[in-house]
Each structure stands twice: as structure tokens, then as C-alpha cells.
Amino acid sequence: MGLISVVTSGKGGAGKSTVTAGLGCALARLGRKALLVDGDAGLRSLDLMLGIGGSAVYDMADIFAGNCEPIRAIYPSPTCPNVFVMPAPVSLDQLASPRDMARLCRGLSRYYDDVLIDSPAGIGRSFETAVAGAAQAFVVTTPDMVCARDAQIVSHLLSGKNIPARLIINRLRPAPVLAGKMPDVDEIIDTAGLQLIGILPEDEAVAVANANGRPLPSHCHAAACFENIARRYLGEAVPLARLEKM
Ligand SMILES: Nc1ncnc2c1ncn2[C@@H]1O[C@H](COP(=O)(O)OP(=O)(O)OP(=O)(O)O)[C@@H](O)[C@H]1O
Ligand SMILES: [Mg+2]
């Protein structure tokens, strides 16, 4: 059985979809078979980020409507071998119930090493559905206090559901942190109240990859950080890099 994880945040735009895609590709590069489930009904992104785009015919809603078997709503990424994507329903009205989502993810986890669910922004009904089947969570925050406090709120909700969570700080820019103009990593961790699993830099390569539905070039800084996070998730003791201590 593969491990089911949800990628979430309190505040929108923190980088949940970016992390889901980047971590999925990093895991695949390490030889794993990863299923990325887009839980953002009505505002899907993973299909575009993973190069599937308009070729998807079925989505999660079709499974629950009885229009297709789950496998027909899962698409291999043409840009990232061993990464598979289940697109979210096109409309929020088609949002699955938490119970259906949990059952679906548990069933699918038999066929993949890792199932990563990309959660929508906020803590409403879509959040409840996205986290329903997860055995663990990655909470994504940007390095600012508003986002970190929202991460703390999500962390409380997750702990109330007995879902262990670890923190990913995204879009860190070392220069303003070193100049004392932005909170440092320890302040963000303290505010979020979660154990850190890794840090991703602000990196133009991430924005370019997302915009074009391509995987991150393996030589870029963010790709190395994703690999570190993937290795830690798999249980390796990977020390924090210099950037991650700032
Ligand atoms: N480390 C990064 N470096 C540069 N750009 C980034 C980075 N992380 C995310 N971005 C950009 O920030 C924007 C928001 O990212 P993303 O869509 O992953 O956030 P999200 O949390 O999934 O948003 P939503 O809450 O709307 O689902 C995107 O344009 C993405 O390309
Ligand atoms: Mg998103």
C-alpha cells in the first residue's frame, strides 16, 4: 500500500500545487510511482503543470458519477515519467464527499508507491474532502507571518483529525532574511508550530516550469531542494542545507 499524503496550507497561493507537482516528480526520479490527485474542484492546476492539459477526458467526478473506472480518470504525465495525475472535477458542485474521497484514495494506494493530494486553499468543505483519506500532511507556507499563522490553524485542524503534518517553507529569499528584513526560518517554524521537512527557494525556474507544464530542470536549485524533501519523506536523514538554516 502506498502512503497517502495531503499537501495543504491555510492561505491560498502558498505553493501547494507547485509542491505536489515538484515532490511527485522528485519521488519519480528516485524510482517511485506517484499518483497526484487534484483535490481543487473547480480550480484544477495539476493537469496543466504536469503537461496533460486538454488531453484529459475524464476526471474525479466521472468516477463517482459512474461514467468510468478510476483508471480511466488517471493520466500519465508526458513530461515526468512515473507520475500520474487524476484531474479534479471541473465544478465545485461536483466535489466528492470526504467518505468517497477517502475510499477512492485508499483503493488507489494499492497501485502506487505514493499518493499526493493537492488540497484547495482555505479550510472549508473542499479542505475536509482533500484531507479525508490522508495518513499524513505537508503544510506549505511562504515565509511571512500571515501565511505561517494560517499554517498553524491548519496544523490544529489536522492534529484534531490525528493526521501528522510537517512544514514546507516555500519561496524563501535568503537576501532579505539575512538583512533582517523578513522573518527567519525559526520564526516561521515557531509560528506554524510544525516540524520542518524542507525549504524551497524563490526560483524563477519553478514559475517557468509551472507556466509551461514542464518538470523542473534537474540542475536547478529548487529541484535539488525537492529531492531533499523527497528523501526525508522516504526516511533518509538528509541534513538541512545552508539556505534552509537562514
Ligand atoms: N518556489 C517558487 N518560486 C517561484 N515561483 C513559485 C514558487 N512556488 C510557487 N510559485 C508560483 O506561485 C504561484 C502560486 O503557486 P501554486 O499555484 O502552487 O499555489 P497554490 O497554493 O496551489 O495556490 P491555490 O491556493 O490557488 O491552489 C504560481 O504562479 C507558481 O508558479
Ligand atoms: Mg493550487
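Visitor: Which residues does proline 98 touch, not counting residues up to four places away in sequence?
Guide: In this predicted model, proline 98 has its place in helix α4, residues 98-108. Leaving out residues up to four places away in sequence, proline 98 touches Glu128, Thr129 and Ala132.

Visitor: Is proline 98 buried, partly exposed or exposed?
Guide: A residue needs 20 or more other C-beta atoms within 10 Å to be buried, and 12 or fewer make it exposed. Proline 98 has 16 C-beta neighbours inside 10 Å, so it counts as partly exposed.

Visitor: What separates the C-alpha atoms of proline 98 and leucine 108?
Guide: Helix α4 covers residues 98-108. Proline 98 and leucine 108 are 10 residues apart along the chain, and their C-alpha atoms are separated by 15 Å.

Visitor: What is the order of the strands in the open sheet?
Guide: The sheet has 8 strands and mixed pairing. β3 (75-76) and β8 each have a single partner strand, so one side of each is left without a neighbour in the sheet. With these two at the edges, the order is β3-β4-β2-β5-β1-β6-β7-β8.

Visitor: In which sense do β3 and β4 pair?
Guide: Tyrosine 75 has valine 85 of β4 as its bridge partner. Between β3 and β4 there are 2 bridges, and the sense is antiparallel.

Visitor: Which residue of β5 is the bridge partner of alanine 34?
Guide: β2 also pairs with β5 (residues 114-118), over 5 bridges in the parallel sense. The partner of alanine 34 in β5 is aspartate 114.

Visitor: Which residues of β2 are buried on each side?
Guide: In a regular strand the side chains alternate between the two faces of the sheet. In β2, 5 of its 5 residues are buried. One side holds Ala34, Leu36 and Asp38, and the other holds Leu35 and Val37.

Visitor: How many residues of strand β7 are buried?
Guide: Strand β7 covers residues 165-172 and is largely enclosed by the rest of the structure, because the buried residues number 7 of the 8. Its sheet partners include β6 (residues 136-141), joined by 5 bridges, and β8 (residues 195-201), also joined by 5 bridges. The buried count in β7 is 7 of 8.

Visitor: Which residue of β8 is the bridge partner of leucine 167?
Guide: Leucine 167 is in β7, where it is the bridge partner of valine 139. β7 and β8 run parallel. In β8, the partner of leucine 167 is leucine 196.

Visitor: What is the handedness of the β-α-β crossover from β6 to β7?
Guide: β6 and β7 run parallel. The chain passes from β6 to β7 through helix α6, residues 145-160, and the crossover is right-handed.

Visitor: At roughly what angle do the axes of α6 and α8 cross?
Guide: The axes of these helices come within 7 Å. The contact is made by Met145, Ala148, Arg149, Ala151, Gln152 and Ser155 of α6 with Ile188, Thr191 and Ala192 of α8. By class, the contact has 5 nonpolar, 3 polar and 1 charged residues. The axes of α6 and α8 cross at roughly 35°.

Visitor: Is arginine 171 buried or exposed?
Guide: Arginine 171 lies in strand β7 and has a positive phi of about 70° although it is not a glycine. The cut-off for burial is 20 or more other C-beta atoms within 10 Å. Arginine 171 has 21 C-beta neighbours inside 10 Å, so it counts as buried.

Visitor: Where does asparagine 82 lie?
Guide: Asparagine 82 has a positive phi of about 75° although it is not a glycine. With 18 other C-beta atoms within 10 Å, asparagine 82 is partly exposed. It lies in the loop between β3 and β4.

Visitor: Which residues come nearest to ligand 1?
Guide: The shell divides into 7 nonpolar, 9 polar and 5 charged residues. α1, β7 and α9 (204-212) each supply at least two residues of this shell. Of the 21 residues around ligand 1, those that come nearest are Gly12, Lys16, Ser17, Thr18 and Ala121.

Conventions. Residues numbered from 1 in each chain as written. Chains lettered and ligands numbered in written order. Predicted model: local features only at pLDDT ≥ 70, side-chain atom pairs only at ≥ 80, totals over all residues. Helix = DSSP H or I, 4+ residues; strand = E, 2+ residues; numbered from the N terminus. Pairing = 2+ DSSP bridges. Right-handed = clockwise from strand over helix to strand, strands pointing away. Near = placed C-beta within 6 Å. Nonpolar A, V, L, I, M, F, W, Y, C, P; charged D, E, K, R; others polar. Axes fitted to C-alpha atoms, helices over the stretch in contact; angles between N-to-C directions. Contact = placed C-beta atoms within 7 Å.
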